Amino acid sequence: MTIATLSSPKIKMSVIGPIVALVVLIIMGALMNPNFLSAGNISNVLSRSAFIGIIAVGMTFVITAGGLDLSVGSMAAFIAGLMILVMNTALPVMGIGIPIVLLGMAVALFAGLFAGMLNGVLITRLGMDAFIVTLGSMGIYRSLVTWLADGGTLSLDFSLRTFYQPVYYGGTLGVSWPIIVFALVVIGGELLMRSTAFGRHCAAIGSNDQVARYSSVRVARVRMLTYVMLGVLVGIATIMYVPRLGSASSATGLLWELEAIAAVIVGGTALKGGFGRVWGTVIGVLILTLIGNILNLTDLVSPYLNGAIQGAIIILAVVLQRGRKPGQ
Amino acid sequence: MGHAVTTPILALSKVSKSFGPIEVLHGADIALHPGRVHALIGENGAGKSTMMKILTGYQPPSAGLVMLQGQPVSFADMGQAEAQGISLIHQEFNLADHLTVAENIFLGSELRRGWFLDKPAMRARSRDLLGRLRCDVDPDRLISDLSNSDKQMVEIAKALLRDTNVLIMDEPTAVLTRTETAVLLDQVRALRGHGTAVLFTSHKLDEVVAIADDLTIMRDGSVVWSGPANEMDEHQMAEAMVGREISTLYPPKDSMKGALALEVEGFHVPGFAEDIHFTLRKGEVLGIAGLIGSGRTETFEGLAGLRAAHGTVRINGDTVTIRHPWEALALGLAYLTEDRKTRGLLLTKGLRENLTLQSLHKFSNWVINTRAEDAALNHAVTEFDIRGSRSVDVGSLSGGNQQKLLFAKTMLSDPDILVIDEPTRGIDIGTKQQMYEFIRKLAAEGRAIVVISSEMQEVIGLSDRVLVMRQGRIAGELTGDSATEDAIVRLAMGVGQSAPLERTA
């Protein structure tokens with residue numbers, strides 16, 4: 001923190017702040033536990049970050065365009081449940097093999113697409129508030145997955161699960177698939193945000209949607225696309241998540257929406273929209289995951305206080321963002 | 001009473017102001033006297049706002065003295081200046097839209113009885129204050145329901161509550177109609193009668209002539225003329241502001257009229273305009289006059305797909321349906337909004353992002369070509385004479401430069417039919433002249449142009465033909481010498497003979 005306060009101009013603070021915080025966390029972790037920097041732990045941290053990270057990249061676009069999506073955690077649980085159900089049902093017909101896994105992935109992607117589209121239609125075509133719409137759909141998906149699982153847990157057929165597991169645990173060139181997919185999503189997202197008309201339009205709409213409308217920007221379509229994209233990314237995250245535990249229950253993906261939103265904000269994207277950066281979100285995700293990891297590896301502070309420290313970081317990030325505004 | 005005899009209540013003496021190495025105000029003097037109205041005029045960026053900010057304690061001077069009742073003072077902040085009876089009314093209203101008139105007047109200094117608000121007392125005081133301004137707005141009405149002139153009165157009442165003896169107003173009439181302006185000027189006279197010193201800025205020189213006792217003219221951070229207002233006429237004021245001779249404000253109307261570009265028949269914008277019909281040729285400038293609220297803006301927003309509307313619209317002879325702004329743009333029709341701050345420009349973004357927002361597809365082939373964008377910005381800065389730093393947010397540009405940027409942004413999308421709503425609102429006379437030249441030049445290029453304006457001189461000086469709107473309908477059409485202020489007012493107010501309208505087919 002001392003390093004951060006030394007850099008005097010506050011505008012740079014919001015850029016450097018998250019990076020400095022990440023570096024400080026890494027140094028702290030390395031000093032406290034020699035295993036922290038081991039390949040195994042780094043891979044573990046990045047793989048765990050991947051689910052929230054993939055979703056948070058999509059959330060960055062939604063928030064930048066002045067929206068919000070609270071439904072992603074429930075959506076992930078519902079998609080996971082649906083995916084398991086479809087795969088189990090298709091198992092007697094298709095047998096274990098790549099086709100059934102591809103079927104499951106297709107189900108996840110389309111379910112995500114439709115769920116995102118549903119949020120998008122309600123928000124952009126009916127002009128409803130994003131907070132209210134996604135609060136509603138959050139409840140609906142959470143309840144649906146509980147109903148699908150009949151209050152218990154939906155489990156993927158054991159042999160199918162063993163076949164599907166490499167998607168989470170396997171990898172190529174020593175890097176696990178979730179990390180590779182996460183990296184691809186981040187690179188694509190960064191390019192989309194920084195260098196395309198779509199990214200520019202998101203920032204314009206979040207900054208002032210009237211100006212965007214009067215500038216002939218297709219406001220409703222761009223907004224819609226941010227929700228659809230987020231839905232598809234939730235689908236992708238679920239595809240990576242299901243082989244990890246092979247089950248879905250009403251507790252799956254709990255609070256993911258808040259972790260994703262927190263990562264976006266910690267990364268320096270403005271909560272009220274108009275400005276967003278994907279690489280910042282990645283740093284935000286890493287910071288939040290590392291806190292949990294460090295607490296687990298050391299016994300200085302109880303891991304039960306993980307939430308409290310994450311909460312403090314989020315508040316701090318917003319305070320730093322605020323300091324940027326009135327500092328003329 | 002000769003004003004030299006009385007001690008000025010508030011004055012600046014040899015005041016300079018620097019921001020970093022740049023001096024924006026060079027040893028300026030001004031003196032405000034009780035019971036006199038002082039007009040401060042100058043082009044955008046001449047230093048008027050800086051001077052007002054120093055007078056009201058919003059910014060300290062870098063050198064020189066602020067004198068209150070002849071004694072040097074230094075205000076630490078606006079609150080201290082306010083405590084001394086100095087009030088500033090900003091150009092943009094500083095009122096809470098969802099509160100009532102009385103609640104706004106007493107905002108921050110509410111009257112209490114015990115732990116609770118004393119609403120009846122505040123209501124009575126508000127009525128009393130507004131009465132002094134001869135304004136009969138009900139204190140219980142919401143600000144959002146008031147007209148602009150009434151809002152202005154509430155701002156003044158708010159200042160009066162704080163025992164103001166120096167009232168400083170930044171372009172109080174910029175958003176007011178002619179009638180509203182007349183009301184406001186009457187109230188200013190009343191305040192002067194009560195002994196208040198009033199300072200105001202305006203780009204409308206006829207108002208300055210009408211009401212000012214004293215006049216200070218600024219150019220490039222210096223006071224270039226100061227003295228009794230009746231020693232200058234409008235033309236001399238304009239020349240002193242610009243620093244060169246202004247021969248003709250309006251360029252000649254010499255563009256060649258071509259084929260019909262736009263035909264509108266039986267066009268309705270529900271709630272705002274009915275049965276609108278007109279035609280527009282290539283190379284023609286069509287002026288739209290009418291009072292604020294006559295449906296001028298709404299008609300053309302409807303035409304540009306920004307509002308729900310229906311009717312027959314033909315562009316270059318083809319019947320078209322426009323439901324969204326991008327459909328209008330694809331057909332070569334662009335609407336340039338009157339409200340550059342909330343609808344025209346992204347104030348927290350840079351010049352480049354703003355310039356290309358409307359035509360980003362021209363710069364992107366999957367990925368945006370920022371080099372091409374920079375080239376476009378260079379071109380726009382030269383062509384439209386946009387001054388100011390490239391690296392700042394658009395919000396910190398002066399109004400004139402914002403307007404030029406908005407103009408450049410719209411022109412980048414290369415429209416054949418261009419609707420410009422209030423092309424010169426809140427900009428100085430030098431920039432106005434530039435805007436008029438741009439507009440006539442576009443007409444000469446064969447574009448069809450509509451100019452909507454509240455300034456009748458502008459409509460008359462710029463247009464080949466004038467349509468006057470009243471209560472959502474076209475009240476009449478005026479061409480050539482028949483387009484006079486008098487004729488426009490008659491049609492706009494619905495008095496006198498209404499010119500029979502021949503329906504254009």
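Student: How many residues of chain A are in contact with chain B, and how many residues of chain B take part?

Tutor: The model is a predicted one. Contact here requires heavy atoms within 4.5 Å. On that basis, the contact joins 20 residues of chain A to 28 residues of chain B.

Student: Which residues of chain A lose the most area to chain B?

Tutor: About 2000 Å² is buried between chain A and chain B, and carbon and sulfur atoms give 57% of this area. On the side of chain A, three residues together account for 36% of what that side buries. They are A:Arg200, A:Val211 and A:Tyr214.

Student: Are α14(B) and α15(B) roughly parallel or roughly antiparallel to each other?

Tutor: Helix α14 (residues 399-412) and helix α15 (residues 429-444) of chain B have axes that come within 10 Å and cross at roughly 15 degrees. Angles under 35 degrees count as roughly parallel. The two helices are therefore roughly parallel.

Student: How many nonpolar, polar and charged residues does the contact of α14(B) with α15(B) have?

Tutor: The residues of α14(B) in this contact include B:Phe407 and B:Met411, and those of α15(B) include B:Phe438 and B:Leu442. By class, the contact has six nonpolar, four polar and one charged residues.

Key: Residues numbered from 1 in each chain as written. Chains lettered and ligands numbered in written order. Predicted model: local features only at pLDDT ≥ 70, side-chain atom pairs only at ≥ 80, totals over all residues. Heavy atoms only, no water. Axes fitted to C-alpha atoms, helices over the stretch in contact; angles between N-to-C directions. Helix = DSSP H or I, 4+ residues; strand = E, 2+ residues; numbered from the N terminus. Parallel < 35°, antiparallel > 145°, perpendicular 65-115°, else oblique. Nonpolar A, V, L, I, M, F, W, Y, C, P; charged D, E, K, R; others polar. Buried area = accessible area lost by both parts, 1.4 Å probe.
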